[in-house]
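Hi,

Here is the structure I said I would pass on. Have a look, and then read my notes below.

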Amino acid sequence: MDYNDVISKVEAFDIETARESLNHSVGIKDTLEIAKIYDKYTDLFTPRRVTWAKKHLAKQAAPLDKRRATYLLDFLVDGVIGNKLKHLIDEESTYESSATVQFDGKDVPFRQVSTLVQNESVRARRKELVKRCKPVKKKLTSYEKKAIKTTYRLLKKFSGKDYVPYYAEHKNVDLDALGTMLRGFLVRTDALFTSLMEARLKTIKVSLKQAESHDYSVILRTKHYDTHFPKENLLSSLKTTLHGMGIDIDSQKNVHLDTEDRPKKVPRAFCSPIRIPDEIHLVLKPRGGQQDYQTILHEAGHTEHFAHTKNDLAYELKHMGGHAVSETYAFLFEYLTTSEAWLTDIAHLAPDVAHDFTHELLEQKMFMFRRYCAKLLYELKLHRNDLTRLDDRFEPIQGQSYKTMAACYNDILTKACKVNYPKDNWLLDVDSGFYSADYLRAWMLEAHLRSVLTKKFGTRWYASKDAGRFLMELWSTGANGRTMDELAMHIGLARLDTSAIEADFATLRGS
């Protein structure tokens, strides 16, 4: 089998698994049957195929050819691991989709609990809902323990590397240096964030000392603004925004919108690129309120990125590699909701309401960025089984250790976010392959890219067809036709850092 034959088989496998996952996630299929698909491609994910891919990579000299071959090798290694875990993945996903929690005398689907918690104003009821989830979380954690143990063993076998160095090379990013940079960010912004959290938690009558993560989930919901973001205007606001940039989503034959409210549909909005750029699905489970607007814009950023990718771009550069580039565009669209101009122009908020709303969302953005800084620091320790305790500056304390990794998770996340995180999330709050690093780098680059757009096209860049054309050129190079660092250089950035996003947060001082 030559290189092109392998790519053709990979594409066929990708399409089948993506469609299976899509149908399960949107609530059309009760069970996830990825294992059956793996069984059809037994010759693709084997040690022999990995060896072949290593030899092919060694022969490449041109940088772009080497990148393509690297992405394929990584894909095949991940595929071998996925093939080994296929039955476990199916079993865990099927269990999660069918799991229920007893509350108020009813069987509540586990996947709906997060929505119920966010909308529950009575603190005692929130605590009880979270408590009722413990048996389900314990079962899900047992699956994750098996999966991560197998992943460690197979990564070492096929790459010769442990988890952290493997993904540092896979993403072409020094994860430890990134962690050091973000540790500095956490320290520099700690006083400001603490004062903001104290004030915000008072609005729901919770002190900083007693605050738990479920308390902040109510704040994230920003429910008191829901009347300003009617459900019936959700799609029209998206279409108007895109139209301003010269994009008519109704005419995009390659884009499919799914906003139906099915009982077993996952609560998180998502974009499913079945075939880039030919078939892209934008999926949302509308709940009503401002969060729908944020999530549909975020996923629309992914959708338009994939939909405008050059068709003749190599498959590996469209579908493989890291996710940071696409997350940058998703954040760019999502944070239109922190633009007072967009809120008054498109969402039709009164200027004073728009001002207050942007302030709250910027606080939330700071919370989420700090949360992911903490996740990265924790995941670096998790994947090294490093239990050395960290001090309040997130520096290691020699001679002191956490008793368990669950305690480590609780301490780091709580220090960064100022709300107590439950220990039973220590494996369930981990995204595989250091996706946390992709999010963090995307947040940083989004702030820089937004600054460039504002300088070139003005505050209302979202209403500029020239800005649309500028973005379409960036989108055309796909997920990894340009790497994150190459994209940063392309827009005039010497290096990726936290300066732009810190400038955003600095506007919260004294406001």
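Which strands does helix H13 lie across? Helix H13 (residues 290-307) lies across E3, E4 and E5, and runs at about 180° to E5. Helices (H or I, at least four residues) and strands (E, at least two) are DSSP runs, numbered from the N terminus. Axes are lines fitted to C-alpha atoms, for helices over the stretch in contact (heavy atoms within 4.5 Å), and angles run from 0 to 180 degrees between N-to-C directions.

Before going on: this is a predicted model, where local features need pLDDT of at least 70 and side-chain atom pairs count only at pLDDT 80 or more, while totals for chains, interfaces and linings use all residues. Residues are numbered from 1 along each chain as its sequence is written, and side-chain values use heavy atoms, with hydrogens and water left out.

Now the sheet under discussion. It is an open sheet of three strands in the order E3-E5-E4, with mixed pairing; two strands pair if DSSP finds at least two bridges between them. Strand E3 (255-258) and strand E4 (270-275) are at the edges with a single partner strand each, so one side of each has no neighbour in the sheet. E3 pairs with strand E5 (residues 279-283) in the parallel sense over four bridges, and His 256 stands opposite His 281 in E5.

Strands E1 and E2 form it with two residues between them, and Asp 104 in the turn has a positive phi of about 55°. E1 and strand E2 (residues 106-109) pair in the antiparallel sense over four bridges, with Val 101 opposite Val 108 in E2.

Finally, a helix pair. Helix H3 (residues 47-59) and helix H4 (residues 63-98) pack at an angle of about 165°, their axes 9 Å apart. That makes H3 roughly antiparallel to H4, a label for angles over 145 degrees. The contact includes Trp 52 and Leu 57 of H3, and Leu 73 and Val 77 of H4. Its residues divide into 10 nonpolar, two polar and three charged. Here Ala, Val, Leu, Ile, Met, Phe, Trp, Tyr, Cys and Pro count as nonpolar, Asp, Glu, Lys and Arg as charged, and the others, Gly among them, as polar.

Cheers

Conventions:
Parallel < 35°, antiparallel > 145°, perpendicular 65-115°, else oblique.
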